[in-house]
Amino acid sequence: MGTEIDLIVGLGNPGPEYQTTRHNAGFWFVDLLAREHGGHFSGARKLKGEAAEVRIAGRRIRLLKPMTFMNLSGESVQAAVSYYKIPVEHVLVAYDELDLPPGRVQLKFDGGTAGHNGAGSVAEHLGPKFWRLRLGVGHPRDAQTAARKEVIDHVLERATSEDEEQILESIRASVAALPVMLELGAERAKNKLHTRTAPAPAADGKETE
């Protein structure tokens, strides 16, 4: 049995200066979904964001990019849930994850937000009972040249070309896994995503899960 998803949210920051930063991986995910499935984002003032509509596996799905900046993402998601009358359990939120290396991705339901301000804002407005797609971007402690960097600098910078390609590959894999989730269920999609060939380990030989 498939998993019901009616709204997919990609988290990020608006504006060209943020477009290529690690923190916008969630935007990259929904942008690719729209391109692959014929959707077109347009401004939706009442939702405090940009919205699109696609059909995936025969199901109508709304896509949302909050334009509130990351820390206030929940305001936009709450507006969309209320406007479209979507159960919180049918919401999937995609965002960058420091605790996963570039190329890794995790699909999960409920739980904490690991300090991610955007996901935390969504949980504050909706409660924790929504789906999360955590897109690994790595932690600054794993980078040879940036061991002491502040996390905020890390996520608001562009990744190295190698790391960026790993992130983009994980996003492509996630887009490909979404019909599996809708048609066959989240466990099948998790198996597809979580058992992908792991990216090369970090320079210190360690890898986080």
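This is a predicted model: local features need pLDDT of at least 70, side-chain atom pairs count only at pLDDT 80 or more; totals for chains, interfaces and linings use all residues.
Me: Which residues touch the most other members of the largest nonpolar core?

Reply: Residues are numbered from 1 along each chain as its sequence is written, and side-chain values use heavy atoms, leaving out hydrogens and water. A nonpolar core is a set of buried (under 20% relative accessible area, 1.4 Å probe, protein chains only) Ala, Val, Leu, Ile, Met, Phe, Trp, Tyr and Cys residues joined through side-chain atoms within 4.5 Å. Of the 38 residues in the largest one, those touching the most other members are Ile8, Phe29 and Leu133.

Me: Which element gives the most residues to this core?

Reply: Helices (H or I, at least four residues) and strands (E, at least two) are DSSP runs, numbered from the N terminus. Elements giving two or more residues include helix H1 (25–37) and strand S5. The top contributor, with nine residues, is H5.

Me: Where is Asp96?

Reply: Look along residues 91–97. They form the strand that holds Asp96, namely S5.

Me: Asp96 is buried, so what is the nearest side chain of opposite charge, and how far away is it?

Reply: Lys and Arg count as positive and Asp and Glu as negative, while His and the chain ends are not counted. A salt bridge needs a side-chain nitrogen of Lys or Arg within 4 Å of a carboxyl oxygen of Asp or Glu. Asp96 has none, and its nearest opposite charge is Arg22, at 8.3 Å.

Me: Which side chain joins that of Asp96 in a polar contact of 2.9 Å, besides His23?

Reply: A polar contact is a pair of N or O atoms within 3.5 Å; within protein, one must be able to donate a hydrogen and the other to accept it, and residues adjacent in sequence count only if both atoms are side-chain atoms. The Asp96 side chain makes one with His23 (2.9 Å). The other partner, also at 2.9 Å, is His116.

Conventions:
Buried means under 20% relative accessible area, exposed over 50%, partly exposed in between (1.4 Å probe, protein chains only).
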